[in-house]
Each structure stands twice: as C-alpha cells, then as structure tokens.
Amino acid sequence: MTKKIFIFLSLFAICLCGNAQVDTRPVVGVAQFTCGETSPYTGLVTEKVVEMLTNTKRFRVVDRTSIDKVKDELELQKTEAFIDSKNLVEQGIAVAAEKMITGHINKIPVYRMKNTNETVRGYKASVSFQMKVVDVATGLSTEATSFEGKASKEMLSPESAVNEAMQSLQSDIFEYFRVNFPVTANILKILTSKGGSAAVILIGAGTEQGIRIGDKFTVSSIEILEGKPYPTEIGEIEVQKLSGESFSECKVPGKIGKAIQDHFDAKDKLKCSLIIQK
C-alpha cells in the first residue's frame, strides 16, 4: 500500500511540473541605492522601490540590493549558478537580471517633532533621489530621473516617516516604470473575423498590467535572424474591452486585419507593444 501511495504522489508531482507555465515576464534587479551622506535609512528607500516594482506584477524582481554596480551583475551572471538557466524561474536557482534599476539619494532628512517640554512626540521625513535603468548586457542606461517626495505627516518612528515620504511618490514611480518598461503582449486568440480578416483579437495583457480601454498597441511580426529578433511593424490596434486582470479585447482596423489573420493562422510570432502617451 505504501509503495502504491508513493508512486501515486510521484506521478502527481510530475503532472504538476509538466503543467507549470514558464514565467516570461522581464527580469529586473534593483541595486542598493547610494547616498551622498551617511544615513541609516538608505536601505528603506531601496526596499520601497523594490516593493513598488513588485506590486506592478509585470516583472520578476530579483534581489540585488547588496550589489551597487552593474559590472557586479555581469560578473555574477558568469558564475555557475547562471549557466543554462535561460532566466527560468526555479526554486533555488539564481535568475539573471536583464535590466538593473540604480539610484542615488540626494537627501533624506528625518526631523524629530518635540513637545513643549522637549520630549519627542514623533518624526517627519522627506526624500529626494535619482533613478535610472541600465541594460545589463550593453551597460547602456537611461537618463537619470529625479524624484522629490512630499514631507511625511508626523509618524511614530523615523522608519515609518521615511516610508510615508516614499509613499507620496508612488504614482510618479509607477509612471516611471510604465514609460521605461512598456507593456508587451502576445495575441492569444482571434475572437471575430470578417471575410478572412481579424476584426477583434484577444491579447495577454489586462488591468494587472495597467491597461485601460482606449490604449493602443503596435503589432509587429517577429523573425529570428542570426539568433536575434527582427520586428516588422504591421499596424496599431485599440483596446475596446478589459477581460479580467490578464486579458484585453482589441479592435483591429480593416487595413491590417488580413495581415494579422494570415500571420496568426501561420503561427508566426506576433508581438503587441503598448504605445506610451507621454
């Protein structure tokens, strides 16, 4: 009986592994922010950026807070832990970051708020820093973007005051991620066709990725030439309905419907990239 149970559990585990989906989201690392002055709260700022990046649910975020140089990431990826990993998420296996977010804190003042008798009743804080995205493979980076948080309300501890100051920047930081990491999605299904042309398609991006009705995507067909993706733009589609957290229904203009239908039927690789309205 024990042997039968063991075999059953083994087969069940194999089935679960076989049905597991590979996480294809971009892998992003966050390096420990540097600071022009010694501050015990530098790590809190970095941790808050990691938290906000993770909450977008668009990335696999890897812990690189102990590494503050992009060259260290390159050296790390040469180690045995990364050989043949191909960025797959596996328990206990290191994941190589494709992009690194680095930052420098300009100032992070924390103020003691005192009663008339000079006892401390609470704390306020503010924070100012710059952030940029570095491509690990090329070493190229975006221009540094500055963030200046509002002074926090009075809090019970210095740490909570710094977190409150960071929270005031949440919408600005989310917008930074949206612009610097445009959403991409696959065409999953053609919902409606007219005369052999796609009219409405389903893509794999929804509210979870911040997609809204009226957003537009550029559709491109992807060829692999000498091991590298070569995109050919087909045209634009527009989101007309959000279908849950992970899907959107998009209207296809008649002029590109036939091309999308033909590529989809031929099982060509198609990529949809969100058009950023700055």
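Arg 121 lies in strand E6, which spans residues 120-125; helices (H or I, at least four residues) and strands (E, at least two) are DSSP runs, numbered from the N terminus. The model is a predicted one, in which local features need pLDDT of at least 70 and side-chain atom pairs count only at pLDDT 80 or more, while totals for chains, interfaces and linings use all residues. Residues are numbered from 1 along each chain as its sequence is written, and side-chain values use heavy atoms, with hydrogens and water left out.

With a relative accessible area of 39%, Arg 121 is partly exposed, a class between buried (under 20%) and exposed (over 50%), with a 1.4 Å probe and protein chains only. Leaving aside neighbours within four places in sequence, Arg 121 is in contact (heavy atoms within 4.5 Å) with Met 113, Lys 114, Asn 115 and Glu 154. The C-alpha atoms of Arg 121 and Met 155 are separated by 8.7 Å, although these residues are 34 residues apart along the chain.

In helix H5 (residues 170-180), the buried residues are Ile 173, Tyr 176, Phe 177 and Arg 178. What covers them includes helices H2 (42-55) and H4 (158-167), together with strands E4 (99-107), E7 (128-135) and E8 (145-148).

Turning to the cysteines, a search of the whole structure finds zero disulfides, a disulfide being a pair of cysteine sulfur atoms within 2.5 Å. The sulfur of Cys 250 has its closest cysteine sulfur in Cys 272, and because these atoms are 6.8 Å apart, they are too far for a bond. Cys 250 is buried at 0% relative accessibility, whereas Cys 35, at 21%, counts as partly exposed.
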